[in-house]
2 protein chains.
Amino acid sequence: MTAKTLDVVGIGNAIVDVLVQTEEAFLDNHALTKGTMALVDEAQAERLYGSLGPGLETSGGSAANTLAGIAQLGSRAGFIGRVRDDQLGEIFAHDIRSVGARFETPAATSGASTARCLILVTPDAQRTMCTYLGASVGLDPADLDLEMVAQAQMLYLEGYLWDSDDAKKAFIAAAEVARAHGGEVALSLSDAFCVERHRDSFLELVDGHVDVLFANEMEITALYQANSFEEAADQVRGRCKVAALTRSEQGSVVLSGEETIVVPPYVLGALVDTTGAGDLYAAGFLHGYTRGDSLERCGQLGSLCAGLVVTQLGPRPQASLQELVATHLG
Amino acid sequence: MTAKTLDVVGIGNAIVDVLVQTEEAFLDNHALTKGTMALVDEAQAERLYGSLGPGLETSGGSAANTLAGIAQLGSRAGFIGRVRDDQLGEIFAHDIRSVGARFETPAATSGASTARCLILVTPDAQRTMCTYLGASVGLDPADLDLEMVAQAQMLYLEGYLWDSDDAKKAFIAAAEVARAHGGEVALSLSDAFCVERHRDSFLELVDGHVDVLFANEMEITALYQANSFEEAADQVRGRCKVAALTRSEQGSVVLSGEETIVVPPYVLGALVDTTGAGDLYAAGFLHGYTRGDSLERCGQLGSLCAGLVVTQLGPRPQASLQELVATHLG
């Protein structure tokens, strides 16, 4: 195994977010479940967008947010995902490259447009997402830069990829390449509904192929159909090397072997928008993990980055993550 | 003259903003003058964008921001400006319609893409703009919905339109229609460099065709090549019905005949980004003006809306302007 040239490479849906501040009633009127992600087709996306107020556009995508965060923290990051050669695709590519992440997946030259996620932010700062996957669905094994995957110390995969058959295959192929080259594999469960849709796949993956698992309380209890967080935590313990379980305002719990590390949350200002909280937790955690930090410090780095992103609108931190870490964790 | 069905109709460049937080040094390295607007061609825009960090995209355009604000305040607003039939054009159209403003200018089906403005926000919250006018330049008299103009109590024009010959002609034609139908005409001087480029035109306009003039301190002193704000204010007095002159943290001064009304600023939170401050001042002012409010209250409404928009990133208020007015001005 040669020395790695990248710390983390992520595979995910390449998405541009449309953030819209919305009243609670809008969710009810459109049968949307707060805090979750629903898939919509292009026509549904258009209809919903037409009934929403003005938006703010920003690059998004769960794994892409994580990799952008890792790059901002100073680690060597790469991202694999598919946009179309349209204006939103250009925005996505610019934003992730401009923070120093490698992004070389060729843009599709025909077919569906770049993926969009309508993110409805309610006054309680919760986000509810409706995603049109567009061009990102077309990511297939042929698009995968396996050379980049082989160069990575850690391969990071988002559970959302399971919603596309092509992407899922690409995902598993990549995990095999990463392992074959001595890399580790991290998985984020992404969303409780996503877990419901793909439980068997995820259970199998966690048992055999994942080193580091990220999940929030809803996702981990959904995965094991558990009645409580504690029950779910007992279930996952020992099935992968590390499980980092986030619990919103209760911080997070990191499990590794018999070890249990409880990490308090960081409150850095008024809660504005929870979009990207999980993604930035994973960014901080993996930045520390690939540098060989203790699991406690990895959890603290995750908490800190998540604590920052929830004080602003949108999933990509507008303030410097490196300064944040220097200030709070030295 | 029949009863008006619209309070304010604006004509301006239809622009999508790309907001990027930038260090001071970037301005120096790219020979940009802080606080001003520079025009760039597509290649320059691409080069500059490539060297910038991640952005946040939002609908912009000076007059468009004003009309969106007027609609959010509850007045009947319309906007005339030209986008291309591309993704940024769709975003622009959605955002202005979604706040209740009429926007019916047909999107161009060929030619340059929708206008973009790269807005560099420095740590002192000042914004420096580089605009690629794209499709907005192509606004010509044939695109003008003169019926909409005739229905307006007030026609609002942005000085930036003078940078395009076609738009300028459209602008003057519209002012004549407005006047012929008993409407008034308001003009914003937009930018000190814009005033330098078109001083003679603006001087002639102000003397003969403008009822309400909006300008900041730099713009009004540039217009009259005055040595001080006081000298410029003396020059403009009496040349139009009302001159509303904004002075950043010193609030604004409204001149009408012999009357001088000094309006204090509203400080509603930490200063984040001055983008849209002048646009929202005009929105508040014209909302009051077309309802027949006193000039003092018009100035207060302007100050209040400007005071809100500078506490957030971007030129379109994310909080409710109607609630803001209810809270502060009853």
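A residue is termed buried if 20 or more other C-beta atoms, placed from the backbone, lie within 10 Å of its own, exposed if 12 or fewer do, and partly exposed in between. By this criterion, 58% of the 330 residues of chain A are buried. The structure is a predicted model, in which local features need pLDDT of at least 70 and side-chain atom pairs count only at pLDDT 80 or more, whereas totals for chains, interfaces and linings use all residues. Residues are numbered from 1 along each chain as its sequence is written, and chains are lettered from A in the order in which they are written.

Chain A contains 13 helices and 14 strands (DSSP runs, H or I of at least four residues and E of at least two, respectively, numbered from the N terminus). The C-alpha atoms of chain A occupy a box of roughly 50 × 40 × 40 Å along the principal axes. Of the contacts in chain A with a separation of 6 or more, 77% join residues 24 or more positions apart (contact: C-beta atoms, placed from the backbone, within 7 Å).

Chain B is superposed on chain A by a rotation of 180 degrees with 0.0 Å of shift along its axis (RMSD 0.0 Å), by least squares on the C-alpha atoms of residues with pLDDT of at least 70 in both copies. This is the relation of a two-fold axis. In chain B, the C-alpha of B:Glu57 is the nearest to the axis, at 2.3 Å.

At the interface, 21 residues of chain B are in contact with 21 residues of chain A. On the side of chain B that touches chain A, β4 (56–59) and α4 (87–98) of chain B each supply at least two residues, and α4(B) gives the most, with six.

Note on methods:
Contact = placed C-beta atoms within 7 Å.
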